[in-house]
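Subject: Structure for you to look at

Hi,

Here is the structure I promised to send over. Have a look, and my notes follow below.

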Amino acid sequence: MAILERRDTGAIAHLHMNAPDRLNALSDEMLAALQEQCDALMQDRTIRAVILSGEGKAFCAGHDLKQMTAARQNEDGGKAAFKDLFDRCARFMQSLNKLPQPVIAQVHGIATAAGCQLVATCDMAVAAEGTRFGVNGVNIGLFCSTPMVALSRNIPRKQAFEMLTTGQFIDANRAQELGLVNRVVPVDQLESETRALAELIASKLGAAVKIGKEAFYNQIDLPLAEAYSYTGDVMVENMLHRDTEEGIAAFLEKRDPDWDQG
């Protein structure tokens, strides 16, 4: 079976990590498969929302420590391999943000280290009750510096720093309180609730969501005045879109819009 399965239903693509025996770790093979799908989705105009989930008892347990340990046998002690791994992982995480489609993490079990980074990187997350989140590398002597990038951009800095330095886990409800996940639902409703959110997003004008997602990430670290200047230009671009004109007209005329979602 494929290490990553893709199932498309209408305008929704569902990527399912399928390495339960390795807790869906971000191995070389998993990262390659995820990057391949990201590259394909970047060009896919038929898909307007993406769901990312994991098989087995965990969403994702982070990097594959067995592969990383094996790299220590290299002549340089693994330095080049480690640099390559973290570069590839960073490229994938940034690819998720650059996708025109919103990406929803469907999280259960545990999401640890780079797995927690993956949740934080996705645009939204729905978690099952009982899910646990951690950046626990410090417990084995490896500070989660790259997971920190996404985590510290999702939750308040003091809470992020506590998680990073103590290695302690938080539960799904605390993750929602801090802003790491959007919703917490019963385990037996995880798939249906995630799909309902994806379907709601997919029902919107894809071109507008694409413009908005790109602008969201571009403006978020800008100074206030620059952010308003930039997003004003984005709004102008959006207003000039043919389907936006139709959407506004339909609203004023109290009818459904006739959108070209191609």
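M239, I248, F251 and L252 make a nonpolar surface patch of about 470 Å² (patch residues have over 30% relative accessible area and no salt bridge, with nonpolar side chains joined within 5 Å; areas are Shrake-Rupley with a 1.4 Å probe, and only the protein chains shown count as cover). Helix 11 (residues 242–252) gives the most to this patch, with 3 residues, and F251 is found in that helix. Helices are DSSP runs of H or I, at least four residues, and strands are E runs of at least two, numbered from the N terminus.

Please keep in mind that this is a predicted model, where local features need pLDDT of at least 70, side-chain atom pairs need 80 or more, and totals for chains, interfaces and linings use all residues. Residues are numbered from 1 along each chain as its sequence is written, and side-chain values use heavy atoms, without hydrogens or water.

There are also 14 salt bridges (a Lys or Arg side-chain nitrogen within 4 Å of an Asp or Glu carboxyl oxygen). In one of them, D44 meets R6 at 3.0 Å, N to O. D44 lies in the loop between helix 1 (28–42) and strand 3 (49–54) and R6 in strand 1 (residues 4–9), so the pair ties together parts 38 residues apart in sequence.

Best wishes

Technical notes:
Patches are made of residues with over 30% relative accessible area and no salt bridge: like charges are joined within 9 Å, nonpolar side chains (Val, Leu, Ile, Met, Phe, Trp, Tyr) within 5 Å.
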